[in-house]
Amino acid sequence: MPELPEVETIRATLSEHLVGRTILKVDVFYDKIVHGMTPAEFCARLAGQTVRSMGRYGKYLFFQFDAITLVSHLRMEGKYFLKPETEPREKHEHVIFTLVDHDTLRYHDTRKFGTMEIVPRGEERQAAGLRAMGPEPFDPGFDGKYLSGRAGKSRRAVKSWLLDQTVVSGLGNIYVNEVLFLSGLHPETRVCDLKKKDFARLAEASRAVLQKAVDLGGTTIRTYYSSLGVTGRFQNELNVHDRKGLPCPVCGTPVEKIQVGGRGSYYCPRCQRKKG
DNA sequence: AAGGGTGTTGAAAG
DNA sequence: GCTTTCAACACCCT
């Protein structure tokens, strides 16, 4: 469940349940999840550690201990569940953290794309993938001027450009589709064809969409059940994403779907005309 | 019923 | 360099 609002919802929920609790042992059932060290060392480093806080940057989730941080990326389908130790391990539970009270935190990832890495606390930005991350839409300084500066003379499609986490952190396919709708921009518009006003709209729409989604607990598209009760409500607010053929909420024109950079892109052909 | 698509990202190829 | 494509993997729809 990976865009910024979903990760933030997970961070907040796990924070309520995990802060102050201590890990007894960790078992890894799919080695490639663990990066930067062997699974054996990964488990050894975490045993005995007490969760002090939960953090997040972009789509990366942080479990913060006294001197180390576990950086977790959920990629396409990673989920966390809290359940009693007595429950049998499910097929796609690849990492199980057993707490000293014999509850377990389980990392479930059908497609096995997710990653985990341990870094010194305070150096989260040194984790692989986090080094080059751009600002979040909520960061001070994220505005039309910043985006305009980053754009340079790029001829990339604005849709692909906004998915680039070095430009802006936290947007994924769902929210980029929504941001472009609110900005009135066709997903294939080239970045070099955007005007000052377009960049300002993109910055504002990015903030607005992510903030509203965070407030509503994110978006739940696929069937999702959780012992933590993590079910988003933003799916009721989607204007275009996954709404091919359904009427645009503004003008009623059927929403169209095309591929841009290999990703499904939904837009209103009337409200989002291509320029340039 | 095989093939395309899926809330992602980084390596490889152009 | 910069940009696009594809692979990592499993499952669900046509």
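At what angle do helix α3 and α6 pack, and how far apart are their axes? In this predicted model, in which local features need pLDDT of at least 70, side-chain atom pairs count only at pLDDT 80 or more and totals for chains, interfaces and linings use all residues, side-chain values use heavy atoms, with hydrogens and water left out. Residues are numbered from 1 along each chain as its sequence is written, while chains are lettered from A and ligands numbered from 1 in the order in which they are written.

Helix α3 (residues 144–151) packs on α6 at an angle of about 115 degrees, and the two axes lie 7 Å apart. Here helices are DSSP runs (H or I, at least four residues), numbered from the N terminus, and axes are lines fitted to C-alpha atoms over the stretch in contact, with angles running from 0 to 180 degrees between N-to-C directions. The crossing of α3 and α6 is right-handed, a word used when the near helix is turned clockwise from the far one by less than a right angle. Gly144, Leu147, Ser148 and Ala151 of α3 meet Phe199, Ala200, Leu202 and Ala203 of α6, where contact means heavy atoms within 4.5 Å. These residues divide into 6 nonpolar, 2 polar and no charged, with Ala, Val, Leu, Ile, Met, Phe, Trp, Tyr, Cys and Pro counted as nonpolar, Asp, Glu, Lys and Arg as charged, and the others, Gly among them, as polar.

Helix α5 (residues 173–183) also packs on helix α6 (residues 196–215), at about 130 degrees and with the axes 9 Å apart. The contact of α5 with α6 includes Tyr175 and Leu182 of α5 and Leu202 and Val209 of α6, and by class it has 9 nonpolar, 2 polar and 2 charged residues.

Helix α1 (residues 4–18) is another partner of α6, packing at about 35 degrees with the axes 9 Å apart. Leu4, Pro5 and Glu8 of α1 touch Leu210, Ala213 and Val214 of α6, giving 5 nonpolar, no polar and 1 charged residue.

Conventions:
Helices (H or I, at least four residues) and strands (E, at least two) are DSSP runs, numbered from the N terminus.
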